[in-house]
Amino acid sequence: MKKLVLLSGGLDSTLCLHKVVGEESTPFALFFDYGQRGRALEWKYSRKQCELAGGVELKEVRMGDLFQQLSDSALVHVGKRVEMSEGHLPSVFLPARNAIFFSLAAAYASMKGISTVVSGIVETQFSYPDTTQDFKDSIEGALRTGLGESFTIETPLMGLSKGGIVKEALKFFEPTKFIKVLSNTVSCDKGLEPVCGECPSCLSRATGFRGAGLLDPLLEKFKRALISRPQ
Ligand SMILES: [Zn+2]
């Protein structure tokens with residue numbers, strides 16, 4: 001069965017990609033360049049993950065400055081501060097992003113004869129409103145109706161905590177592969193490598209590894225590179 005994975009090069013979508021390979025479905029991957037700060041790194045690691053997953057066909061969709069025109073989210077404006085405050089969505093929340101992503105994915109999937117789209121969105125206490133089970137069910141229904149054909153969105157990580165996702169990855173990969181794959185994922189909303197340590201994505205990733213009681217292989221890779229750097 002062919003499945004289209006929405007890939008950002010982050011931990012969650014990467015695990016989804018490898019799971020699709022593991023279940024012996026045929027994966028295709030879709031990457032969105034939507035003007036996000038981290039697009040260069042996300043693209044680099046998405047390509048790397050497609051390689052590690054055995055040579056997955058990866059399509060890049062370039063959306064140019066569409067979101068810069070329509071939103072003042074700090075995710076797509078370098079000049080805006082990345083802020084989080086109690087009771088408010090972080091300034092990197094990008095309204096309607098996932099609705100647009102799923103719609104574009106549906107168009108591409110239809111052309112490729114694929115009826116299943118796989119996404120790494122998760123619903124937790126701190127989720128964005130467009131990563132919830134309710135949102136997923138709604139957009140899946142709307143797109144199925146709008147396409148007039150069979151259409152399913154699979155969200156294999158929905159309901160897991162970030163620590164749960166790290167543990168799931170640990171269970172799924174053999175140890176060397178776990179390090180290889182996870183040290184080649186990137187998550188920073190500011191587009192910094194390895195991490196900025198303060199944006200919602202970096203904090204969530206750190207919480208995940210802490211929750212699983214593990215060191216982040218990405219940080220370990222950078223520590224090693226620093227130690228072995230010639231003076
Ligand atoms: Zn960050």
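**Notebook: helix packing**

I started with helix H1 (residues 11–22) and helix H6 (residues 162–172), which pack at an angle of about 30° with their axes 11 Å apart. This is a predicted model, where local features need pLDDT of at least 70 and side-chain atom pairs count only at pLDDT 80 or more, while totals for chains, interfaces and linings use all residues. Residues are numbered from 1 along each chain as its sequence is written.

Terms I noted: helices are DSSP runs of H or I with at least four residues, numbered from the N terminus. Axes are lines fitted to C-alpha atoms, for helices over the stretch in contact, and angles run from 0 to 180 degrees between N-to-C directions.

**H1 and H6**

I looked up the crossing, and H1 passes H6 in a left-handed one (the near helix is turned anticlockwise from the far one by less than a right angle; clockwise would be right-handed). On the H1 side I found Leu11, Asp12, Leu15, His18, Lys19 and Gly22, which meet Ile165, Glu168, Ala169 and Phe172 in H6 (contact is C-beta atoms, placed from the backbone, within 7 Å). By class, I get five nonpolar, two polar and three charged residues here (Ala, Val, Leu, Ile, Met, Phe, Trp, Tyr, Cys and Pro count as nonpolar, Asp, Glu, Lys and Arg as charged, the others, Gly among them, as polar).

**H8**

Next I checked helix H8 (residues 200–212). Its buried residues are Pro200, Ser201, Ser204, Arg205 and Gly208 (buried takes 20 or more other C-beta atoms within 10 Å of a residue's own, exposed 12 or fewer, partly exposed in between). They cover an arc of only 130° around the axis, so they sit on the same side of H8 (the arc is that of the directions from the helix axis to the C-beta atoms). What do the buried residues of H8 pack against? I found H1 and H6 there. Just after H8, Gly213 takes a positive phi of about 70°.

**Phe222**

I then went to Phe222, in helix H9 (residues 217–227). Phe222 counts as partly exposed because it has 15 C-beta neighbours inside 10 Å. I also noted that Phe222 and Pro194 are 28 residues apart in sequence, yet 7.1 Å apart in space, C-alpha to C-alpha.

**H4 and H5**

Last, I looked at helix H4 (residues 97–112) and helix H5 (residues 133–147), which pack at about 40° with axes 11 Å apart. H4 passes H5 in a right-handed crossing. Ala99, Phe102, Ser103, Ala106 and Ser110 in H4 meet Ile139, Leu143 and Leu147 in H5. This contact has six nonpolar, two polar and no charged residues.

Definitions and conventions
Helices (H or I, at least four residues) and strands (E, at least two) are DSSP runs, numbered from the N terminus. Two residues are in contact if their C-beta atoms, placed from the backbone, lie within 7 Å.
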